Amino acid sequence: MDAVRLILTGRRALAGGADTRELMAEVWQAQALAQAIGSRLAVSGPPELRGEALGLTELAGRGCGVLDPPELDPGGLRAAQLTRLDDARETLLCLGGLLAEVGMALVGLASAAADETTYWQCMEAIDAADESRDRVREMLRKLAAREEVVLSENDSRRSPFGGAPCA
């Protein structure tokens, strides 16, 4: 399944989480998906993103590690359903939105936590989500810089008299 579609599914599930257990499961799912997207970009994404993508993989893995893994039905892990990452920019924009929503959900969970364990899990997960989002923003910045270079190269190849490139 395409990464953007999985992210949108995760955003809807996070918004529909009714209780602490469901929300924590959705936060874990979102971090696992961020980890899978980071891995995919590190292996087959644009070369300038690979270092940041590895960092995203590590940070999102830390986000999963601080939370108790949810009990999922076979095939319920969204990250395992990732088969395509068609547009890195669109994927990263959507992932950044999901990670922002994860952070907000965790703030709400932490402030309503009935015990210290849940509170500290939320705090650690907030930190991981925030750092993951920073990596996503950095990858978006690098993509924008790459697009600028490509556009300026295309402009320099154009004839000074207009029309098609002079290749």
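**Pocket, cavity and core**

Colleague: How do you know the volume of the largest pocket, and what is it?
Modeller: It is about 360 Å³. A volume is the space filled by probe spheres set on grid points, joined across faces, edges and corners. This is a predicted model, in which local features need pLDDT of at least 70, side-chain atom pairs count only at pLDDT 80 or more, and totals for chains, interfaces and linings use all residues. Residues are numbered from 1 along each chain as its sequence is written, and side-chain values use heavy atoms, without hydrogens and water.

Colleague: Why is one space called a pocket and another a cavity?
Modeller: On a 1 Å grid over the protein atoms alone, a cavity is a set of points where a 1.4 Å probe fits but cannot get out; a pocket is an open set with protein on both sides within 12 Å along at least five of seven lines. The count is 1 cavity of 30 Å³ or more. The largest cavity has about 30 Å³.

Colleague: What makes a residue part of the cavity lining, and which qualify?
Modeller: An atom within 4 Å of a point. Gly10, Glu26, Gln29, Ala30, Leu33, Arg78 and Leu98 therefore line the largest cavity.

Colleague: And which lie nearest the pocket centre?
Modeller: Arg21, Glu22, Met24, Ala25 and Pro70, out of 18 lining residues.

Colleague: What makes a nonpolar core?
Modeller: Buried (under 20% relative accessible area, 1.4 Å probe, protein chains only) Ala, Val, Leu, Ile, Met, Phe, Trp, Tyr and Cys residues, joined through side-chain atoms within 4.5 Å. The largest has 44 residues; Ile37 and Leu95 touch the most other members.

Note on methods
Buried means under 20% relative accessible area, exposed over 50%, partly exposed in between (1.4 Å probe, protein chains only).
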